[in-house]
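Trainee: I have a model open on my screen. Can we go through its side-chain contacts and surface together?

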Amino acid sequence: MTDGAEPPERTLAEEARRSRGMLRFRNYFLTGLVIAAPLFLTVYITWGFIVWIDSWVTPFIPAAYSPDTYLPFTVPGFGLVVAIVCITLLGFLTANLVGRTALSWGESLLDRMPVVRNLYRGLKQIFETVLSNRAKSFQTVGLIEYPRKGLWAIVFIATGTKGEVGHRLDKEGDPMVSVFLPTTPNPTSGFLLFVREADVVRLDMSVEEAAKLVISAGLVSPKFNGDEEDPEASPSEPPDRLGEAGRQVGADATFNRP
């Protein structure tokens with residue numbers, strides 16, 4: 001008599017088929033996630049920046065010049081365009097004699113304000129330093145031992161240490177450099193450090209590649225031409241996508257196939 005149970009080989013074949021189907025589903029899902037997540041985040045961050053600029057600039061635009069007055073819908077990005085045009089026009093006006101005179105008068109007025117003048121001077125000096133040294137600042141990546149010997153951290157090398165700090169710390173033949181140590185996962189925050197140039201290990205990777213490495217907490221590592229392939233690895237061997245369990249189930253199903 002037969003009890004109606006399926007043969008063992010048929011059961012193993014069904015399990016192998018289901019296993020392969022789940023593996024395909026997982027691979028397709030992960031592939032879609034890798035494509036969709038960066039695209040969504042890029043669009044989301046860009047859209048948020050445009051909306052943020054619009055919320056600041058649009059209230060200062062007269063209603064007669066705003067397209068929202070004549071259109072039944074809001075035009076995103078109009079405030080951003082107006083901001084760019086106004087900043088460019090401001091730079092053009094301050095490049096001539098009349099603009100420089102007006103700028104000097106405004107700065108002299110700010111100099112009479114005790115708290116505001118310190119804030120304005122500090123911000124102006126930061127922007128002037130960053131923009132004037134944009135061709136050579138933060139273009140080199142390095143490694144320093146931080147926060148103790150034996151632990152290494154990625155830093156962005158800004159420039160040679162200047163001013164009183166450089167005068168007090170510089171030694172003949174062993175100058176100091178100013179570096180920025182970013183934090184994970186937000187590389188825009190970090191620490192300003194003054195270290196000996198001899199203690200900095202300069203890297204060939206770009207600032208963008210180093211930022212990706214910091215943001216991903218070491219998961220995204222840039223390619224390096226000096227990497228050597230494992231001599232014991234077989235380059236012609238296809239990658240293992242199913243894993244040991246999947247291969248065993250597939251082998252059993254093939255062996256027991258009627």
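Predicted model: local features only at pLDDT ≥ 70, side-chain atom pairs only at ≥ 80, totals over all residues.

Trainee: Is phenylalanine 25 buried or exposed?
Mentor: Phenylalanine 25 lies in helix 1, residues 8-57. Helices are DSSP runs (H or I, at least four residues), as are strands (E, at least two), numbered from the N terminus. Buried means under 20% relative accessible area, exposed over 50%, partly exposed in between (1.4 Å probe, protein chains only). Phenylalanine 25 has 55% relative accessibility, so it counts as exposed.

Trainee: Which residues form one aromatic cluster?
Mentor: Rings of Phe, Tyr and Trp (its six-membered ring) pair if their centres lie within 6.5 Å; planes under 30 degrees apart count as stacked, over 60 as edge-to-face and the rest as tilted. The structure holds three aromatic pairs. Phenylalanine 49 and tryptophan 52 have ring centres 6.4 Å apart and planes at 40°, so this pair is tilted, while tryptophan 52 and tryptophan 56 pair edge-to-face, 6.4 Å centre to centre with 70° between the planes. The cluster is Phe49, Trp52 and Trp56.

Trainee: How many residues apart in sequence are the parts tied together by lysine 124 and glutamate 107?
Mentor: The two side chains meet in a salt bridge (2.4 Å, N to O). That term needs a side-chain nitrogen of Lys or Arg within 4 Å of a carboxyl oxygen of Asp or Glu. Lysine 124 lies in helix 4 (residues 114-132) and glutamate 107 in helix 3 (residues 97-110), so the parts tied together are apart in sequence by 17 residues.

Trainee: Which residue forms a salt bridge with aspartate 111?
Mentor: Aspartate 111 lies in the loop between helix 3 and helix 4, and its partner in helix 4. The closest N and O atoms are 3.2 Å apart, and the partner is arginine 121.

Trainee: How many salt bridges does the structure hold?
Mentor: Another one joins lysine 149 and glutamate 145, with the closest N and O atoms 3.4 Å apart. The number of salt bridges in the structure is five.

Key:
Residues numbered from 1 in each chain as written. Heavy atoms only, no water.
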